[in-house]
Amino acid sequence: MKQGRIFFFGDNIDTDVIAPGSVMHLGIDQIKFHSMEAVFPDFHANVKEGDILIAGKNFGGGSSREQAPLVLLELGFGIVLAESFARLFFRNSINVGLNVGMVDPDLKNSFDDREAVQYSLEKGILKSTDGKREFRFRKPEGPLTEIIEAGGMVEFVKKQLETK
């Protein structure tokens, strides 16, 4: 089990909030300082390695910029969960190796914002640190899991070519 803190966000957080278009000329190591600043100033300074982002519906809508899931990786998120994802954001997340999963809306009633929890990517479980509350999430399966575990599509293809 890994451990991290939960950061809750609402519905329709688009890629321009996650990775603002005004800073796309910068490298990902600089874009991260502006991630989510429209809804959470100094967000980057609050996130630690292994934390969990949990959002509502249509997370990652808007443009299809690959920098949006990349910046969440750069910030150190262990997993990004949402009630639903925009299709292109979800595919880009898989392609860059960002752990993603689907949750039911009642998760927000099960944990508090910034609460430290334990989680298992393999089992699809979030658990309170005292072990009294547990919540399941749905993670990608089959080849999608293999791509994420490889570190994204490029690394997955490299590994496939090495075995031939």
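Reader: Before I dig in, what should I know about the model and the numbering?
Author: The model is predicted: local features need pLDDT of at least 70, side-chain atom pairs count only at pLDDT 80 or more, and totals for chains, interfaces and linings use all residues. Residues are numbered from 1 along each chain as its sequence is written, and side-chain values use heavy atoms, with hydrogens and water left out.

Reader: Ok, how many helices and strands are there?
Author: The protein has 7 helices and 7 strands. Helices (H or I, at least four residues) and strands (E, at least two) are DSSP runs, numbered from the N terminus. Along the sequence the pattern reads β-α-α-α-β-α-β-α-β-β-β-β-α-α.

Reader: And what's the radius of gyration?
Author: It's 15 Å, close to the 15 Å that the globule rule gives for 164 residues, so the protein is as compact as a globular protein of that length. The radius is taken over C-alpha atoms, and the rule is 2.2 Å times the number of residues to the power 0.38.

Reader: Switching to helices: at what angle do H6 and H7 pack?
Author: About 95 degrees, with the axes of H6 (residues 143-150) and H7 (residues 153-162) 7 Å apart. That makes H6 roughly perpendicular to H7, a label for 65 to 115 degrees; under 35 is roughly parallel, over 145 roughly antiparallel and the rest oblique. Axes are lines fitted to C-alpha atoms, for helices over the stretch in contact, and angles run from 0 to 180 degrees between N-to-C directions.

Reader: Which residues meet there?
Author: Glu146, Ile147 and Ala150 in H6 meet Met153, Glu155, Phe156 and Lys159 in H7, where contact means heavy atoms within 4.5 Å.

Reader: What about H5 and H6?
Author: H5 (residues 87-96) packs on H6 at about 55 degrees, with the axes 7 Å apart. That makes H5 oblique to H6. On the H5 side are Phe90, Arg91 and Ile94, and on the H6 side Leu144, Ile147 and Ile148.

Reader: New topic: what volume does the largest pocket have?
Author: About 170 Å³. On a 1 Å grid over the protein atoms alone, a pocket is an open set of points where a 1.4 Å probe fits, with protein on both sides within 12 Å along at least five of seven lines; lining residues have an atom within 4 Å of a point. Grid points are joined across faces, edges and corners, and a volume is the space filled by probe spheres set on the points.

Reader: Which element gives the largest share of the lining?
Author: H6, with 3 residues. Among the lining residues are Thr145, Ile148 and Glu149.
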